[in-house]
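Me: I have a chain here and want to go through the terms used to describe it. Please tie each term to its cut-off.

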Amino acid sequence: MGKKQKKPGTGKQKTERKTAKAEEKKSRREEKKISQEDDIDAILANIQKEEAKKKEVHVEEHVPPPSARCNCSVTVNPLKETELIIYGGEFYNGDKTFVYGDLYRYNAEKREWKLISSPNSPPPRSAHQAVAWKNSLFIFGGEFTSPNQERFHHYKDFWRLDLNSNQWEQIQLKGSPSARSGHRMVLYKHKIVIFGGFYDTLREVRYYNDLHVFDLDDFKWQEIKPKLGSLWPSPRSGFQFFVYQDEIFLYGGYFKDHVSDKDGSEKGIVHADMWVLDLRSGEWNKVKKLGLPPGPRAGFSMCVHKKRALLFGGVVDMEVQGDVLRSLFLNELYGFQLDNQRWYPLELRKGKATKDKTRGQAKMALQSGGSSTKRKDDEDAPKVDEEDCQQLANKVTGKLSIDDQFDITEYSSNEKRDSQSMNSEAMTLVTTEVVKPCGRINACIVVGKDTLYLYGGMMEIGDQELTLDDLYTLDLNKLDEWKCVIQASKTEWVEASDDEDDESNEDGDINEGDSEEEEEDGNEEENESDKGILGVEDAAAILRGEGRKLRRKDRRAKIDQIRAELGLADSQRTPLPGETLKEFFSRTNLYWQMAAYEHTQHTGKELRKDGFDLAESRFKELKPVLDELTKLEAEQKTEEEEDAKNMLKKKGKEKAKHSVLHR
């Protein structure tokens, strides 16, 4: 865009107005800084006074689950692998930030929660780190945010919780890391290892890449510094850190880089590199990306199960129109084989009982409209035993050969018969069996007794942040289905106060008409968020029932929401418009065969068949939604073309009218 021509005499007046507004805003900020609500020292002092009143440990049994929160810590109790320990976290409702310091213990077998209240507890915090060793839980760092998010306090304290007595104690020793949050901490043998993080003073943000080790036997801190000329990861926060044998792996992370010294602008950098640390020598080395690695993303979560690391979720910012960015929250699951350092997608394998159930429901739905055709490959396909499912592959060998010339004529003919016999009602019944966590960032994932636990996190709908409090489990031996233990509750979003709106309006000249439009857009977004998170099971039904009743803007928002939440932007896992099952598998067979190998360890024809089964399951799962989306997008395109034609006609009439007046 070219620069606008300045009007004579307006530059000085505009500068004076800007200066006056800047002074007024500065005055408001100063008032906020000294306000009681944002005085962090006073808040923490009051919390400390309340803690001093506690005289003994109090355990409250059978309490409700924790309230919605993100950036908390979830740790498996080493004394009992079916118990989770949840501490801290934060919640933002659009107006205020709430930081928690409560401690919960969850019995996964009985599905019971305990709330622990102890004297001398750590002050509330989020974005800290926790590890468990023997009968102790250790916590380091984190941050406390004032309710208005005007001030931050970063911790550098180190705490130990006795898991038998529920008593806290602060460990104060020399040589500890500096105050920070967003760091990562892991347990390696009898040592706690801390790397990276950031420190935010509002004036500047400092990112770290220092490495600290705490010896649990000697109770001493040690900083390991890079040797001259050695490789070392760059500063970052929000990365993932995990241990396998004598190696510690680091993957991804986030960093803000200064773009301009004039205006202090910054650019966010999402790292997608992987490093491995040999703690015995203190040396870092880069890890090559082998197999099918996930794309760059921020806010993903990782944990380790046997010889593989598991990656879930994250967010990708996609440019949709010009400089407009739209965040895509992911719910993909990837595996990283630790012994040969290869990536592969983890697609769930539907259990035999689930398949039989959905097929039976589909047949019942078709009884009134015609008989269903029995598939030949269902009879000929090799049966997967439950014991075989429990002995899943734990490594992808370098000798694995993938045949991308798979001839699926046999399967495509069956697919054609299925598409003719199965109506949309039966397809909807099949999709109702699928349970998956929605896309999110900063989810807490841990492994206990061969079970993956996924708790909470955060996602966005429009301009609203949705903090989650749901809990899912996944059997890592079977890898057949997610189970929702606790459903996400609805959280109330509070719009910004009038004072904040007035302050933001001072940055530019906003006329009354624009304000009304923004208010209308805000109401639309609020209505959109009230509908909650969509899944495959209800997205198609909503589109069929509501899609054609929506206005164009609402319809586009609905389409974008469904695309984001179902992960339709991933072309490897999503059929293209008009693509048949045969064409879909021919295009993506490498992906599906790699995913199938993790389940079966088959090769050759058996592996191709396994890959096709996974692709077919995904195809049928998304087909009702994609069909409805295609119809809606076609209708919207037709409307836009008609509006463009009407606009041209209107301009033509106005031009003719002006030419008549000039005569």
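Me: What should I know about the model and the numbering before we start?
Reply: This is a predicted model, in which local features need pLDDT of at least 70 and side-chain atom pairs count only at pLDDT 80 or more, while totals for chains, interfaces and linings use all residues. Residues are numbered from 1 along each chain as its sequence is written, and side-chain values use heavy atoms, with hydrogens and water left out.

Me: How many helices and strands does the protein have, and what makes a run of residues count as one?
Reply: There are 13 helices and 31 strands. Both are DSSP runs numbered from the N terminus: helices are H or I with at least four residues, strands are E with at least two.

Me: Why is Tyr 104 called buried?
Reply: Buried means under 20% relative accessible area, exposed means over 50%, and partly exposed lies in between, with a 1.4 Å probe and protein chains only. Tyr 104 has a relative accessible area of 9%, so it is buried. Trp 113, at 5%, is therefore buried. Across the 663 residues of the protein, 46% count as buried.

Me: What makes Tyr 104 and Trp 113 an aromatic pair, and why is the pair edge-to-face?
Reply: Rings of Phe, Tyr and Trp (its six-membered ring) pair if their centres lie within 6.5 Å; planes under 30 degrees apart are stacked, over 60 edge-to-face, and the rest tilted. The structure holds 31 such pairs. For Tyr 104 and Trp 113 the centres are 6.0 Å apart and the planes stand at 85°, so the pair is edge-to-face. Phe 239 and Phe 241 also form an edge-to-face pair, with 5.8 Å centre to centre and 90° between the planes. Both of these Phe residues are buried. Elsewhere, ring pairs link Phe 138, Phe 140, Phe 158, Phe 214, Phe 219 and Trp 221 into a cluster.

Me: How do you know that strand E6 is covered on both faces?
Reply: Strand E6 (residues 103–107) has five of its five residues buried. Leu 103, Arg 105 and Asn 107 lie on one side, with Tyr 104 and Tyr 106 on the other.

Me: Which strands does E6 pair with, and what makes them a pair?
Reply: Two strands pair if DSSP finds at least two bridges between them. E3 and E6 have five bridges and run antiparallel, so they pair. Ile 85 stands opposite Arg 105 in E6. Five bridges also join E6 to strand E7 (residues 112–117), again antiparallel. In E7, Trp 113 is the bridge partner of Tyr 106. E6 and E7 form a hairpin with four residues between them, and Arg 111 in the turn has a positive phi of about 55°.

Me: Why are E1 and E2 the edges of their sheet?
Reply: The open sheet has five strands in the order E1-E7-E6-E3-E2, with antiparallel pairing. Strand E1 (58–61) and strand E2 (73–76) each have a single partner strand, so one side of each is left without a neighbour in the sheet. E2 is joined to strand E3 (residues 83–87) by four bridges, and Val 74 stands opposite Ile 86 in E3.

Me: Why is Ser 327 called partly exposed, and what does it touch?
Reply: Its relative accessibility is 25%, so Ser 327 counts as partly exposed. Ser 327 is in strand E25 (residues 324–329). Contact means heavy atoms within 4.5 Å. Not counting residues up to four places away in sequence, Ser 327 touches Val 315, Val 316, Asp 317 and Glu 460.

Me: What makes the link between Ser 327 and Asp 317 a polar contact?
Reply: A polar contact is a pair of N or O atoms within 3.5 Å; within protein, one must be able to donate a hydrogen and the other to accept it, and residues adjacent in sequence count only if both atoms are side-chain atoms. The side chains of Ser 327 and Asp 317 are joined at 2.8 Å, so the distance is within the limit.
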